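Have a look at the sequence and the structure first, then read on.

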Amino acid sequence: SRLPPLTGPPSIPSPLVQQWRHRREMSCAQHQSASGPATGPSEHEPMGSHVNWRVVCLCMFVANTGLFHGYGNGVFSVVFTMPSFREMMDWPAADDAAVAFRKGLVVSAFDIGAAVAALLFGHLIVDRLGRRPALILGAVLFAAGGFVQACARSGTVLILGRGVAGLGVGTTSSSGPAYIAEVAPARIRGAMVGLYQSNVCLAIVLVSLLNFFDRDGTGGWRWSLGVQGVLGLGTAFGLLFIGETLRFLEKAGRQQEALRVLTVLRGGDENFATQELAMVRAELDEEKRIGTATWAEVFVNPHFRNVVALGGVIQFFQIFTGINAIVAYGGTLFHALGFDGLTSSLTPSIALLLGNSIGCFGLVDRAGRRCLLIFGMAGMSVSMLIGGVVSWAVPETSGYVVDAMVFGFMFSFGVSWGFGVWLYISEIMPLRVRGKAVGLCTAVSWGPANVSSAFIAPSMIDGQMGPGGMMLFFGIVASVVVPFAVCCCPETRGRSLEEITPMFRFASWKDFACFVRGNLRAGDGMGLNRSAQEDQHLDPAGGGAATNR
């Protein structure tokens with residue numbers, strides 16, 4: 001379940017920089033001797049600057065797999081309130097505890113399937129067979145799950161279809177961003193990967209619109225669920241005509257094919273492609289030399305274990321502060337408030353899309369990750385708390401206020417934690433454990449965070465706490481996360497891996513206290529200038545700075 005860093009090739013700790021550069025130069029020289037002379041990019045044309053319509057269209061098409069994620073998460077928000085769907089499920093007109101539990105099963109089946117796929121398929125399929133087969137398999141599974149849901153005659157079949165669709169989304173969420181990051185030129189890589197997240201938000205807008213227009217039809221919910229099958233099959237068919245990524249081809253020993261693919265993606269400039277491919281080979285050689293940590297190391301080595309635990313907590317709070325409660329149960333929330341118009345259907349999803357676009361393409365590299373995580377969560381907390389208090393105090397007239405506060409919550413999430421957590425997690429993990437670490441954190445997001453939210457939210461809305469109680473609960477959780485972000489999220493903007501890794505190297509509670517003080521003082525955790533001797537002192541078992549990267 002590998003989500004590669006979005007800012008280009010990983011940097012190497014300072015004691016190894018010169019060796020790495022020497023290997024890179026030797027690799028370039030060897031490749032040139034076999035392929036003829038190659039002129040590198042000029043001073044005004046940096047590596048990765050070749051952008052042409054082929055690679056842009058390819059990345060945009062693969063980014064369509066982000067639609068699976070958003071559509072699968074948001075489709076049941078209004079479907080749960082459709083009379084024809086409730087009749088099929090044999091639910092009463094008014095929700096009770098049993099209905100709330102069944103809603104949780106429907107939502108969590110999708111999340112559990114995605115968690116299993118993200119944790120297992122990333123290694124078994126994405127890394128072994130390639131990104132393209134994984135994308136195709138994920139699209140087919142999403143389509144199959146969608147058709148099963150649309151044809152369901154019972155809750156059991158519906159839940160089965162949700163689980164299958166979740167497997168598909170977990171697979172494409174592992175392989176889609178990886179594919180884009182590996183084929184896009186450096187100049188547009190961030191924007192192209194950001195497009196994947198934007199499509200997640202766009203799908204939620206589209207499904208909200210579709211649900212509004214077909215909610216009163218006899219079989220309107222079947223149309224909404226059936227779109228998943230059409231979207232998945234159409235994407236799977238198109239994926240048959242794309243090539244594999246050059247990084248996977250090079251790793252598999254298919255150098256000539258890798259060169260041919262990269263030459264096409266770089267506008268036919270074979271000399272430029274030769275230079276870039278040599279860079280990729282040097283990176284792969286370095287990764288092979290460093291090696292990959294075992295699962296035992298991930299949990300036993302305190303430096304690995306602690307940063308992975310921190311990443312898991314961040315990923316958990318991304319979901320457990322209310323985002324999926326609003327996305328999956330927004331229709332139930334507004335229905336309970338007697339607010340069923342088009343405005344309430346579209347407002348949350350439009351706010352999410354707007355916030356994501358501003359944060360991803362405008363603020364993240366200006367304001368920085370730490371700032372967005374802190375103030376974004378503060379905005380989420382204030383919005384939920386105000387909405388909850390108003391809903392409890394004046395429930396009869398709280399609809400418009402709650403709608404405005406949900407807009408504020410979704411915008412705050414979209415501009416910060418929505419895309420920012422995925423970027424942040426990929427940046428803070430040491431190179432040797434990045435694949436396993438990101439997989440574990442992704443599983444925390446899809447598993448415990450999503451599943452617990454799936455059961456808690458409907459039970460609150462339909463129970464004594466009501467919609468206001470649910471908003472207050474998540475508002476209080478979000479208010480706790482704000483000081484957590486201040487104390488535990490150093491700034492990573494503009495810093496290389498060799499600078500980021502020491503910032504998170506704490507092995508004991510005493511070290512953790514230093515980590516917190518560093519964040520409160522300068523936002524740099526354990527500091528940017530930790531030496532190998534300091535690392536050895538903190539890790540008496542040995543291993544050195546290079547081993548614990």
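What follows covers model confidence, the cysteines and the aromatic rings.

This is a predicted model, in which local features need pLDDT of at least 70 and side-chain atom pairs count only at pLDDT 80 or more, while totals for chains, interfaces and linings use all residues. Residues are numbered from 1 along each chain as its sequence is written, and side-chain values use heavy atoms, with hydrogens and water left out.

**Confidence**

Let's start with pLDDT, the predictor's confidence in each residue on a scale from 0 to 100. The protein averages 81, and 85% of the residues score at least 70. Residues 1–48 sit below 50, and the model gives this stretch 98 contacts beyond near neighbours in sequence (a contact means heavy atoms within 4.5 Å). Residues 531–549 also stay under 50, with 37 contacts beyond four places in sequence.

**Cysteines**

How many disulfides does the structure hold? The count is 0, taking a disulfide as a pair of cysteine sulfur atoms within 2.5 Å. Take C57: its nearest cysteine sulfur belongs to C59 and is 9.5 Å away.

**Aromatic rings**

Across the whole structure, a search turns up 25 aromatic pairs. Rings of Phe, Tyr and Trp (its six-membered ring) pair if their centres lie within 6.5 Å; planes under 30 degrees apart are stacked, over 60 edge-to-face, and the rest tilted.

| Residue | Relative accessible area | Class |
|---|---|---|
| F320 | 12% | buried |
| F473 | 26% | partly exposed |
| F474 | 0% | buried |
| C57 | 42% | partly exposed |
| C371 | 29% | partly exposed |

Elsewhere, ring pairs link F76, F80, F85, W91, W221 and Y329 into a cluster. Finally, K436 lies over the face of W295, 5.7 Å from the ring centre; a charge sits over a ring if NZ of Lys or CZ of Arg is within 6 Å of the ring centre and within 35 degrees of the ring normal.

Key
Buried means under 20% relative accessible area, exposed over 50%, partly exposed in between (1.4 Å probe, protein chains only).
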